[in-house]
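Subject: Structure for you to look at

Hello,

Here is the structure I said I would pass on. Please open it first and then read the notes below it.

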Amino acid sequence: MKHDLPFLAVLLFFYSLFYGIVQMIPMDELLRKSLVVNNLLVYSPLATFFVAAIYAGLYGFSRCFVLLATLMFFVTILTFGEWILLYHVAYFICLLLGTLLGYGIFRWRKTSK
């Protein structure tokens, strides 16, 4: 569980803290909206994929990590005040693909030693 926290902190940043930071920085409203939309459609799914791939590449497959990362999706409900199933499905697919890629790398590294 101790090595899960830094990875979950990165997800927490993209799922929640990013929006607070964008709201606090003085900028054009159009730029603010584009950052929020880009985070929702691009940055968060990519962060989810890479975090899962790196975690699984370092530590192997962990059901606990997948469950905790999946529960982190619900932080976005608090951020936006609504639940959008499509985004959660897309994030979950990115999580699973990243985990599969990372686990493949983990197994490859383990057999090459």
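Two helices count as roughly antiparallel when the angle between their N-to-C directions is over 145 degrees. Keep that cut-off in mind for the helix pair below. Note also that this is a predicted model.

Helix 3 and helix 5

Helix 3 covers residues 63–72 and helix 5 covers residues 85–112. Their axes come within 10 Å and cross at roughly 155°. The cut-off is over 145 degrees, and helix 3 and helix 5 are therefore roughly antiparallel to each other. The crossing of helix 3 past helix 5 is right-handed.

On the side of helix 3, the contact is made by Phe65, Val66, Ala69 and Thr70. Helix 5 contributes Phe92, Leu95 and Thr99. Sorted by type, the residues of this contact are five nonpolar and two polar, with no charged ones.

The salt bridge

How many salt bridges does the structure hold? There is one. It joins Glu29 to Arg32, and the closest N and O atoms of the pair are 3.1 Å apart. Both residues belong to helix 2, which runs over residues 29–59. Because Glu29 and Arg32 are three residues apart in that helix, about one helical turn separates them.

Are the two partners buried or exposed? Glu29 is partly exposed, at a relative accessible area of 42%. Arg32 has 10% relative accessibility and so counts as buried, the cut-off for buried being under 20%.

Regards

Notes: Residues numbered from 1 in each chain as written. Predicted model: local features only at pLDDT ≥ 70, side-chain atom pairs only at ≥ 80, totals over all residues. Heavy atoms only, no water. Salt bridge = Lys/Arg side-chain N within 4 Å of Asp/Glu carboxyl O. Helix = DSSP H or I, 4+ residues; strand = E, 2+ residues; numbered from the N terminus. Buried < 20%, exposed > 50% of the residue type's maximum accessible area, 1.4 Å probe, protein only. Axes fitted to C-alpha atoms, helices over the stretch in contact; angles between N-to-C directions. Parallel < 35°, antiparallel > 145°, perpendicular 65-115°, else oblique. Left-handed = near helix turned anticlockwise from the far one by under 90°. Contact = heavy atoms within 4.5 Å. Nonpolar A, V, L, I, M, F, W, Y, C, P; charged D, E, K, R; others polar.
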